[in-house]
Amino acid sequence: MTVPSREQRFPVGRSVTAEALDRDPYAVFARLAAHEPISWIPALDMWYVVGYENVRTALADPRLTTVSERSTIYDTFGEHMLTSEGDAHERYRGAAQQFFSPARIRAQWEPLIGERVESLMDGFEQRGRAELRSEFAARLPVQVMLSLCGLPAAAEPRLRAWYDDFEGALANFSGDPQVRLAARRSVTEFHALLDGEIRRSRDAGGRSLVAHLLDAPPPYRLDEEAIKRNLSIIFFGGISTVEALLLNCLWALLETPGALDRVQADEAQIPQVIEETMRWLSPVQSATRHASESFSWQGIEIGRHDTVNCMLGAANRDPAIFADPDRFDLDRTNSRRHLGFASGTHSCLGAQLAKAEVRIGLRTLLARLPGLRIDRESSETPRGYEFRQPRRLTVTWNS
């Protein structure tokens, strides 16, 4: 008897294309959830896992690991806290964790974030019109991360270009050699920039993340190469999540009738805006894992070295957890159950910093831009199946 192939066994997965996911992943997730909650996606050469409990289970399964040479994150940045497990992971993450504590963020970094927000807004407030991605959301996290690491502000344009190469490489599941080459070249240039701050911090110390890593206690002490690899992924995560979350929050408020007026009248609702946006329009749509061994899950055979993509965006719209999940709802009582920052040992290290940047950014934008409204002809709807956000968001206001 002929054994059905993966493609034959998962007809819904066979019909999924990268273009459809880029345009509207939520429609794809709904079809998969109804018919194939664990499905083989030939177009991406990987498994997709949808459904809240399935995703949580996969993220906690020790057989599904971040350690793999097939990992685009490993291919781009090498071994670091998101491509390691066990003692190595604990050491890498432990070296940086205290730096990102809520108390330290409030005391040391929120004032700086506020200064950067105000300065960026000074550049466009009087015009009555701005494209908020290029003029605000894409710049704020770069400036904050440069300050955190003690790097020169003049490096902003270079870092932004490097970031774009990193983003392309992390979504490069087809293995395009030109995309890989561009990212590796940018990693080399970024590491060269870090070398200067490492030398300076060894001589003079300081409050930067680089100085913090150099002074980590012996159980977490890293050599310079490990510091640079881990800073690479911290930089990427610290930029991508903040940029997308700022834009997605604004998109949600501008597209949901009455939401913007309500939040402008009561800024205490901004934390709920952030949590509900993380659920409704997750900036990072997936957490990728790799099977360290063959095993059976729900009657499905997962092969050794298979890539398993845990779809955070799908989990966050699971109707079994979130009622009327396709609706952005400021009154939703369980928004914080979202998995937008993943879960388990590899949950987002900088989640509290990202929330602080977005909270301060939104509060200041809404306070200083009365009559805020979207210019639809000059804006784009959110796109992307790994990293999702509007690529242009043009707004006007009463200047």
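**Aromatic pairs.** I looked up ring pairing in this predicted model and found 15 aromatic pairs. I began with Trp40 and Trp47, whose ring centres lie 5.2 Å apart with planes at 70°, so I recorded the pair as edge-to-face. Trp40 and Trp47 are both buried.

I then turned to Phe236 and Phe387. Their ring centres are 5.5 Å apart and their planes stand at 70°, so this pair is edge-to-face. I placed Phe236 in helix H14 (residues 224-255) and Phe387 in the loop between strand S9 (373-374) and strand S10 (394-396); the pair therefore ties together parts that are 151 residues apart in sequence.

**Arginine over rings.** I searched next for charges placed over aromatic rings. The charged end of Arg63 sits over the ring of Phe295, 3.9 Å from the ring centre. Arg279 lies over the face of Phe322, at 5.4 Å from the centre of that ring.

Arg63 belongs to the loop between helix H5 (52-60) and strand S3 (64-65). I found Arg63 partly exposed, with a relative accessible area of 27%; the cut-off for buried is under 20%. Setting aside residues up to four places away in sequence, I listed the contacts of Arg63 as His290, Ala291, Ser292, Glu293 and Phe295. The side chain of Arg63 also makes a polar contact of 2.8 Å with the side chain of Asp61. I took one distance along the chain as well: Arg63 and Phe99 are 36 residues apart in sequence, and their C-alpha atoms are separated by 30 Å.

**Helix H12.** I compared the span of helix H12 (residues 177-204) with expectation. At 1.5 Å a residue, its 28 residues should span 40 Å, and the end C-alpha atoms are 41 Å apart, which agrees.

I examined both ends of the helix. At the N-terminal end, Asp176 caps H12, with a side-chain oxygen 2.9 Å from the backbone nitrogen of Gln178. Just after H12, Gly205 takes a positive phi of about 70°.

I then asked which residues of H12 are buried. Among them are Ala182, Ser186, Phe190, Leu193, Leu194, Glu197 and Ser201. I recalled that an α-helix has 3.6 residues a turn, so residues three or four places apart point the same way. The buried residues of H12 pack against helix H6 (72-77), helix H11 (156-170), helix H13 (209-214) and H14.

Note on methods: Residues numbered from 1 in each chain as written. Predicted model: local features only at pLDDT ≥ 70, side-chain atom pairs only at ≥ 80, totals over all residues. Heavy atoms only, no water. Phe/Tyr/Trp six-rings, centres within 6.5 Å; stacked < 30°, edge-to-face > 60°. Buried < 20%, exposed > 50% of the residue type's maximum accessible area, 1.4 Å probe, protein only. Helix = DSSP H or I, 4+ residues; strand = E, 2+ residues; numbered from the N terminus. Lys NZ or Arg CZ within 6 Å of the ring centre and 35° of its normal. Contact = heavy atoms within 4.5 Å. Polar contact = N/O pair within 3.5 Å; in protein donor to acceptor, adjacent residues only side chain to side chain. Expected span 1.5 Å × (residues − 1).
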